[in-house]
Every structure is written in structure tokens, then in C-alpha cells.
Amino acid sequence: MTILLTLIGVVVFVLGLLFSIAWHELGHLSTAKLFGIRVPQYMVGFGRTVWSRKKGETEYGIKAIPMGGYIRMIGMFPPGEDGKVTARSTSPFRSMIEDARSAAYEELQPGDESRLFYTRKPWKRVIVMFAGPFMNLVLALAIFFGLWMTFGVNQTTTQVASVSPCVIQQSEKREICKDGDPVAPAKKAGLQAGDKIVAFDGKRVTDWSVLQKKIRDTVGPATVTVVRDGHELTLRATLIENKVAKTDGHGGYVKGQYVTAGWLGFGPKEVIAPLTFGESVDHMGDVAQSSVQGLLRLPEKIPALWDAAFNGAERQPDSPMGIVGAARISGEIATLDIPGEQRLATMLSVLGMFNLSLFLFNMLPLLPLDGGHIAGALWESVRRGVARVFRRADPGPFDVAKLMPAAYVVAGLFVCFTLLVLVADVVNPIKIS
């Protein structure tokens with residue numbers, strides 16, 4: 001049964017992945033056709049074609065390897081000195097193996113002279129290239145907001161789940177008291193599991209992160225107002241300094257980092273509860289900020305990823321993860337002993353994070369990514385604008401093909417990184433505790 005559930009989880013992720021890829025390329029396709037650019041191919045996947053059908057001037061199909069997708073547009077680059085124009089793919093993988101001035105000139109048909117990508121105004125090219133990542137962003141937002149406002153998110157409350165019997169530094173990573181350990185301030189004050197803290201030092205609190213900060217900023221006497229059996233009680237506690245886990249500013253903790261702060265000695269209760277639209281917007285801001293920071297920190301995570309892949313080191317929970325790793329996680333989620341709707345919500349969250357990552361990664365201003373083509377179109381617009389201001393001759397379209405040597409380097413680095421992540425996902429995968 002476990003194997004069957006694992007396979008179901010993997011299949012659900014793969015289907016979600018294929019939809020995400022098709023959705024991304026649909027953004028490119030629809031805007032390209034909107035602006036009159038000829039698109040000979042729309043493909044999901046790479047390798048051998050499994051199925052295809054031609055409708056109008058475009059061939060639609062599915063390929064054997066579900067690791068990406070592409071559309072092929074005529075005239076992605078301006079003609080070279082020989083006057084030839086190439087048809088190019090929006091796919092970074094295909095861009096690696098195609099030459100910027102390839103023999104695709106022969107694909108031009110009568111009338112295509114007015115349907116070339118490079119002949120469109122820069123703002124139209126920006127829209128075409130941005131539309132793909134934007135579709136991933138839309139899908140991620142739809143998944144996240146749909147889940148957060150219906151199923152809910154894990155939230156830490158001000159209700160007491162447990163009370164520490166004694167003073168233990170969190171850095172010691174033990175739960176059993178030793179002889180001589182002093183009684184924890186919360187236990188000495190009479191705090192009990194099930195109490196809901198509604199005020200601290202006379203000031204009302206409803207948010208865990210606010211209460212957490214107040215506690216950590218306090219050393220010495222304080223009052224704690226709780227609701228117990230429907231009645232409010234005011235307890236008097238003397239908080240002490242203790243070595244505790246560093247917080248991330250949102251009520252969570254930073255793994256492996258500790259600070260000295262005020263300490264009461266209780267564990268808050270966690271619940272899954274829906275968010276309002278406004279709360280979802282705030283939560284989305286936190287998720288986006290964390291994702292951007294994670295993307296910027298990718299280079300510094302490579303040594304630890306290498307050690308996890310080849311030296312048997314522990315795989316960090318925030319380690320980069322690829323498609324294989326995400327599929328394994330989805331398979332593992334499907335086997336968890338939790339309600340079915342929670343398993344589905346967790347798998348959808350993985351798919352949402354995958355789409356958000358696709359958006360952010362593709363927006364990097366580097367060829368052969370979509371962001372690189374956007375940057376090229378914007379630079380062309382700037383060049384032409386400057387020429388108009390100073391009444392100079394129109395410099396013409398910016399030849400993005402001249403940047404292809406750098407694009408090959410970027411694509412090569414990306415392939416190496418993808419292979420490293422793949423090895424780590426196979427030999428030392430991230431697991432759900």
C-alpha cells in the first residue's frame with residue numbers, strides 16, 4: 001500500500017509539473033500569436049516526440065522527457081551579416097545546442113518577413129518573453145491563495161501546549177530534567193497546558209510573534225493574563241535569561257542559531273487555520289521574500305550540496321532541490337499518516353513553490369533565460385531612445401545573438417548545477433520528518 005501511495009504522489013507531481021510547463025509555454029504562445037509572430041512548434045517535454053498534431057500553422061505535441069518545454073518562434077534574432085534569420089526556441093536547453101545563426105533560415109515561408117520576432121517593438125517582445133514566467137506566477141498565486149483561504153496554514157497561537165518543568169537551554173537539545181535544574185518560570189507561576197495567554201504585562205496580545213518578542217525582551221517580574229475554563233486569571237512570573245533559538249522575525253526559528261533572551265518556559269500550540277485575503281497577501285510577501293533570498297543564496301549552498309552528494313554529509317533542509325527531489329517529496333507526502341485533505345494541500349504547496357521558483361529563476365537577466373531576452377529588448381529600447389534624443393541614426397535592433405557565448409557559459413553552469421542537485425536528490429534526498 002505504501003508503494004502504491006508513493007507512486008500516486010509521484011504521478012500527481014509529474015502531472016502538475018507537465019501542466020506547469022504547458023501553462024508557461026502557453027503564455028509565450030498566446031502573446032506571440034497576439035502580436036502576429038509565426039510559431040511553428042509548441043512542445044511540452046524534450047527528446048523523442050510521443051504525440052503531436054498540427055493545427056493551423058503550429059504543431060502541438062508532447063515529448064518523452066518531461067523536463068521542460070518550448071515554443072519555436074520565427075526570427076528570434078536579427079539577421080547576421082549573411083542576411084540569414086534563424087528560428088529560435090524559448091527553451092534554455094534547446095538554446096544550448098542551437099547556433100544563433102543556424103540553418104533554420106530555410107523555415108521562412110513567403111510572407112514571414114513581417115512576422116519575425118525581432119521586428120516587433122521592444123515592449124511587445126518584453127510581453128512575449130515575460131508572459132511565460134508570469135503564467136507560473138499566476139498559477140503559484142492561485143494555488144497559494146486558494147489553499148491559505150480555504151484549507152489554511154500552520155499557525156502558532158498564544159495557547160499553551162506544554163509547560164517546561166525546568167530550565168534547559170535550547171542549545172542543549174535535551175528534554176529530560178537533571179538533578180539541580182531550577183524550576184521553569186512558567187511552571188513556578190502556575191501556567192498550565194490549555195491556558196490561552198491574552199495579555200502580557202497588562203498589554204493585550206493575540207499574535208504569537210508579538211507575544212514571543214515581549215517575552216524575549218523581558219527579564220525579571222512580569223504578569224501573564226490567561227483564559228482558563230472561561231475565566232481570566234493573572235499569573236505572576238519572574239522571567240530569566242536563557243539561551244534560546246534565534247527567531248526569523250515572524251514567529252519561526254533559525255536552525256542552529258541561538259541568542260540570549262528572556263525566557264518563560266512553555267511551548268505554544270500550533271493549529272491549521274484559514275487566512276483572510278489581507279493575511280494571505282502578507283503571508284505571500286513573506287514567502288516571496290524568503291524565496292528571493294533563497295535564490296540569491298544558491299551559490300553559497302553549493303559546497304554543502306556537494307558534500308551531501310559525494311561526501312556523505314547531512315543534507316540541509318533548505319538545500320536546493322530539483323524535479324526528482326520534489327517528486328520524491330510528493331511521494332513521501334502521499335504516505336504520511338495525516339488526513340487526505342492535508343496530504344493534498346501539502347502536495348499542492350510543493351507545486352506552488354515549484355511555480356514560484358520557475359518565475360523567479362526565469363526572471364534572472366541572463367541568457368538563455370527569458371529574463372535575458374527581456375533585458376536585451378529593454379536595452380534596445382534604451383539605445384533607440386537615446387538616439388532619438390540626440391538625433392542620431394537609429395541603431396537598429398539589438399543583436400542578442402552576440403551574447404550567445406555568455407549564454408553558453410550560463411547554460412553550462414546551469415546544467416552542472418542541475419546534475420549536482422539530481423545526484424544529491426538520488427543519493428541523499430531531503431526527507432519529511
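Where is the place of aspartate 201? The close-up views below, taken from a predicted model, begin with that residue.

**View A. Aspartate 201 sits in a loop between two strands.** The loop runs between β5 (196-200) and β6 (203-204). Phi of aspartate 201 is near 55 degrees, a positive value in a residue that is not glycine. Most residues other than glycine have a negative phi. Aspartate 201 is partly exposed, with a relative accessible area of 42%.

**View B. Aspartate 229 lies in the loop between β7 (220-228) and β8 (231-247).** Its phi is positive, about 55 degrees, although the residue is not a glycine. Aspartate 229 counts as exposed because its relative accessibility is 73%, and the cut-off for exposed is over 50%.

**View C. A cis peptide bond joins leucine 367 to proline 368.** The omega angle of this bond is near 10 degrees. Most peptide bonds are trans. Proline 368 is placed in the loop between α9 (340-362) and α10 (370-389).

View D. Helix α11 (residues 404-427) gives the most to the patch, with four residues. Valine 324 belongs to helix α8 (residues 323-334). At 31% relative accessibility, valine 324 is partly exposed.

**View E. Tyrosine 42 and tyrosine 60 form one of 13 aromatic pairs.** Their ring centres are 5.7 Å apart and their planes meet at 50 degrees, so the pair is tilted. Tyrosine 42 lies in strand β1 (residues 41-55) and tyrosine 60 in strand β2 (residues 58-73), so the pair ties together parts that are 18 residues apart in sequence. Tyrosine 42 is buried, at 11% relative accessibility, whereas tyrosine 60 is partly exposed, at 24%.

**View F. Tryptophan 208 and phenylalanine 266 form an edge-to-face pair.** The ring centres are 6.0 Å apart, and the pair counts as edge-to-face because the planes are at 85 degrees, where the cut-off is over 60. This pair links distant parts of the chain, 58 residues apart: tryptophan 208 is in helix α5 (residues 208-216) and phenylalanine 266 in strand β10 (residues 266-273). Both tryptophan 208 and phenylalanine 266 are buried.

**View G. Ring pairs link Phe144, Phe145, Trp148 and Phe277 into a cluster.**

**View H. Arginine 392 lies over the face of phenylalanine 390.** The distance from arginine 392 to the ring centre is 5.1 Å.

Note on methods:
Residues numbered from 1 in each chain as written. Predicted model: local features only at pLDDT ≥ 70, side-chain atom pairs only at ≥ 80, totals over all residues. Heavy atoms only, no water. Buried < 20%, exposed > 50% of the residue type's maximum accessible area, 1.4 Å probe, protein only. Phe/Tyr/Trp six-rings, centres within 6.5 Å; stacked < 30°, edge-to-face > 60°. Lys NZ or Arg CZ within 6 Å of the ring centre and 35° of its normal.
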